[in-house]
Every structure is written in structure tokens, then in C-alpha cells.
Amino acid sequence: MRISIRAVVIKDSHLLVMDRNKFGFKYMSLIGGAKEPNESEIETLHREVWEESSIKISDPKLIIIEDAGSVYGIQYIYLCNYLSGEVKLSDDSDEAKINKEGKNLYKPIWLPLKDLSSSTLLPQELKELLTEFVNSGFPQNPVKLNINQQRRF
């Protein structure tokens, strides 16, 4: 089963997200991606955040384990502290290479937390849970989230 690692990074009341235009379908997702063989979850987290946003993070804490079914697999979502960097795709990332083709676009952005609940962040269940955490506090122990894969995208 596929394992992906995602990051929740908050800076100045903004959430780091990937703004997507996938062949005309516009939505947002958390920064992150697939775990490589022989790579730890934390190594994947740092690599993916760097590739997709050019920022450095610290103190990752697992907050959500999302079971997104056989298509998307298990997603481990970490709350991280922002350390440094200006948000942009790393030049050598797969996403930057795909952007050059012009139809499947990636753009990392800072989403104001006040706009989270009305944003296009997917999946919807994750957006609702993150909105709850922003309003009430992040959990001390990881929360399990099962996603109906038919509703994911």
C-alpha cells in the first residue's frame, strides 16, 4: 500500500498549501508526497516540504493518520514548525518540471487560516478536521481519519 507524508505548517496565521490546477480542476492540498523505499517518514517529510515549497521545518509531530483507501493509501500528517525560506517550488522538483508542460499546475501558497473552511482544500473530511484543530487546538495524540475514496476528488 502506498504511504504518503504530508505537512501542516502554520506561519503568521497562514497554512502552507499546494494550490493545484489539474487539467482545469482547481483545488488545494497539503504539501507532501510518497515515501521512498529506505526513507524514514521524517526524511520524506523534510524532502517533500523542501521540494514543494523551498522552506525548512522543525519539530514534526504526527497529528493525523489518514486511511484514504487502496488508491491513495495511508497518509501520515505532521504538524511542523516553520523555520525559514520563501515559498516556491524547488527548481529541480517533479512539480516544477510538470509546471513547464502548462496543464497540470502546482503553486505553493500561504492560505489565511480564516479562509480555511471556505477553501478548496481536499479531501473535505481533512479540511473539516483541520478547521476544528485550528479553532480548538491540535491533538496531543494522532487522530485516525478514514476517507471515502470516491469522494476524495
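The model is a predicted one, and the protein in it has four helices and seven strands. Read along the sequence, these elements follow the pattern β-β-β-α-β-α-β-α-β-α-β.

**Overall shape and surface**

- For 153 residues a compact globule would have a radius of gyration near 15 Å, and the 14 Å of the protein therefore agrees with that expectation.
- The C-alpha trace spans about 40 × 35 × 35 Å along its principal axes, and 44% of the 153 residues count as buried.
- The accessible surface comes to about 8,200 Å², with 49% of it belonging to carbon and sulfur atoms.
- The protein carries 20 positive and 22 negative charges, whose mean positions lie 4 Å apart.

**Contacts along the chain**

- Among contacts between residues at least 6 apart in sequence, 65% join residues that are at least 24 apart.

**Nonpolar cores**

- The largest nonpolar core holds 19 residues, of which Val8, Leu15, Leu30, Ile64, Ile77, Leu126 and Leu130 touch the most other members.
- Two or more residues of this core come from each of β2 (14-22), β3 (25-34), β4 (56-67) and α4 (124-136), and α4 gives the most, with four residues.
- Leu126, once its neighbours within four places in sequence are left aside, is in contact with Leu30, Ile64, Glu66, Ile77, Leu145 and Ile147.
- Another core, of 17 residues, lies apart from the largest one, and its members include Leu16, Ile57, Cys80 and Ala96.

Terms used. Residues are numbered from 1 along each chain as its sequence is written. This is a predicted model: local features need pLDDT of at least 70, side-chain atom pairs count only at pLDDT 80 or more; totals for chains, interfaces and linings use all residues. Side-chain values use heavy atoms; hydrogens and water are left out. The radius of gyration is taken over C-alpha atoms; the globule rule is 2.2 Å times the number of residues to the power 0.38. Buried means under 20% relative accessible area, exposed over 50%, partly exposed in between (1.4 Å probe, protein chains only). Contact means heavy atoms within 4.5 Å. Accessible areas come from the Shrake-Rupley method with a 1.4 Å probe; for residues, only the protein chains shown count as cover. Lys and Arg count as positive and Asp and Glu as negative; His and the chain ends are not counted. The place of a charge is taken as NZ of Lys, CZ of Arg, CG of Asp or CD of Glu. A nonpolar core is a set of buried Ala, Val, Leu, Ile, Met, Phe, Trp, Tyr and Cys residues joined through side-chain atoms within 4.5 Å.
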